[in-house]
Amino acid sequence: MELKNINTRFIFCTNPLLNYLCESIFNQMENYIVSARKYRPATFSTVVGQGSLTTTLKNAIQSGKLAHAYLFCGPRGVGKTTCARIFAKTINCTHRLPNGEACDECESCLSFNEQRSFNIHELDAASNNSVEDIRSLIEEVRIPPQMGKYKVFIIDEVHMLSSAAFNAFLKTLEEPPHHAIFILATTEKHKILPTILSRCQIYDFNRMSVPDTVRHLQFVAQEENITAEPEALNVIAQKADGGMRDALSIFDQVVSFTGGHLTYDKVIENLNVLDYEYYFKLVDSFLTNKVADCMLIFNDILNKGFQGDHFITGLSQHLRDLMVSRDAATLELLEVGDSVKQRYQEQAAKCAPKFLYSALKICNDCDLSYRASKNKRLLVELALIQCAQLTLPDESPVGGLRPTRALKPIFTDAPAATASAAAQPVASAAVTVQQPATAVTAATPSATTVPAAKVEQPVPVTPLRSLKGIKIKGAKVPISITNTQLNTTTQVAEINEQQQEAIERTRLLQQEQQPVTPEKLRFFWAEFLQLLPQEDAATRGRMEMIQPVQLDDELFEVVVENKQVERDMLLMKPRIEAHFRKGIGNYRLQMQVRVAEKGELKRALTPLERFHAMCERNPVLKKLQQEFHLQLR
């Protein structure tokens, strides 16, 4: 056999039968259409998952209340351009059906179906985004339709237009001819100018739900005489992530791999999806505290070529599905087949809510730390070990869990009548210690004893005779302690730490307070503004218009315009006071915030207003400006 010119459909060979077979193969290749195009909706009723939007458009057509501009926005593959074409076809149909659909029999519908209609124009803004392209479109808008009532202009991926093209399009979009209707489609609405958005009716398309996608794939499989398991179609729907076009493309790919018999195993093999059997086994190992089994399962997953982040994301999703399976009210959130749903319910019944919440927290923390980790495998293995230990008893020494430690309170609140009978270890945070002593005298409840000098050694741990009204971190504890010994190093360390904090706080309050002046207030106010971060630029701008006013040696006032600024300043009050106290050296200094009375604050003048005010005081400035033709910038 000799084949010539293989790139064309003409094949010359000596065997007539072989020639006929080759011709048949080429004809099948030429007639094949991918499912995303073959089963593209042609009417509103065949659009999947957008019932509310299609109903709105049909009602608008039937009532004749058509807007001059529409914006269809949403994720890819959810029917934006398809609905735009159906809408354009239906409004020009001369014999619409009672349900609001196009008849597909009139000349306008036939010309649309045969792609020879002159009333519908499509522009791909991704490749035609210049001002010249928009000007050509505007020239086309001026020509009235040759057939039907409307000319429809569909601009796909409109967010790709340049700023100049948007500006050139504004006037026409706002006031088009009565026969022109614009339909803009985009996947990124936030990139479109607000002036364009305000001129359009906006329709937000939803992602396709998994059940809707599965039902449509079952319809396509039935039309194509393909056998498919529901679990296999469910995997395809989840892989498509809400896009029907993606789902149909994956469907065609899997059909080519399986030869027309879609099974769950074949689909996960072709799409490289992690089988949920692994997750069911992992959770069973978690519940039985089998750390070794968890490590082996994870090793098997890595050997199959899956990455750790993909695995931990799938495990988090599985735990989330178990959580929603515990309650009949949230069971509808489970997007799996009926047979798999039963397995989820059975395993969820074995899992306590506390276990699921803790495991989800561990997996989420692992996912957040995965990118920054140097040893990614060890990070995931540690998460698995922690999940496998969640159901161990708290006091169990197995698996590296630290036993729960209950810290007994140092102080015990007792009535005054029985206070002398209670013997508890106590530490004073504000005891005067000047030299080693074996006893501490009682302090009166009305005053706190403060140290007269810096303490150079820890509090003695010799028996204390009696302490009454001791203040610990600002709280008065009426306790009587007799012959009590501090026995542990931990208690001594806690006493020293509390004492040092009290001593430092008292030292700052008692040291010589530096005088406060208006100049110091203005200086540290400006310094505080310079230290504000970039994200507080708006706050800095408002504070630049405010000046602190000294009231006395320990108080200054800030007068603001309205209640909103007052709330903002009160939130920043601790930071401002800390900055001023440290900078000036006066730790009694406080700030008060007040809303200005009517007419109290004067508005800051603009540069132009200041110039005119100067000219009123000195007319020579105005004459100088006129003679030299000066302009104020």
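Modeller: Gladly! The accessible surface of the protein chain comes to about 37900 Å², of which 53% belongs to carbon and sulfur atoms (Shrake-Rupley method, 1.4 Å probe). Please keep in mind that this is a predicted model, where local features need pLDDT of at least 70 and side-chain atom pairs count only at pLDDT 80 or more, while totals for chains, interfaces and linings use all residues. Residues are numbered from 1 along each chain as its sequence is written, and side-chain values use heavy atoms, leaving out hydrogens and water.

Of the 633 residues, 38% count as buried (under 20% relative accessible area, with a 1.4 Å probe and protein chains only). The chain holds 24 helices and 12 strands, taken as DSSP runs of at least four residues (H or I) and at least two (E), numbered from the N terminus.

Now to our part: an open sheet of 3 strands, ordered S10-S11-S12, with mixed pairing (at least two DSSP bridges make a pair). At its edges lie S10 (549-552) and S12 (590-595), each pairing on one side only. Neighbouring strands are turned by 35 degrees against each other on average, direction ignored; axes are lines fitted to C-alpha atoms, for helices over the stretch in contact, and angles between N-to-C directions run from 0 to 180 degrees. S10 and S11 (residues 555-560) run antiparallel, joined by 3 bridges, and Val549 has Glu557 in S11 as its bridge partner.

Helix H20 (residues 518-531) packs on the sheet, touching S10, S11 and S12 (contact means heavy atoms within 4.5 Å), and its direction makes about 135 degrees with that of S10. Helix H22 (residues 563-584) also packs on the sheet, touching S11 and S12, with its direction at about 165 degrees to that of S12.

Methods:
Buried means under 20% relative accessible area, exposed over 50%, partly exposed in between (1.4 Å probe, protein chains only).
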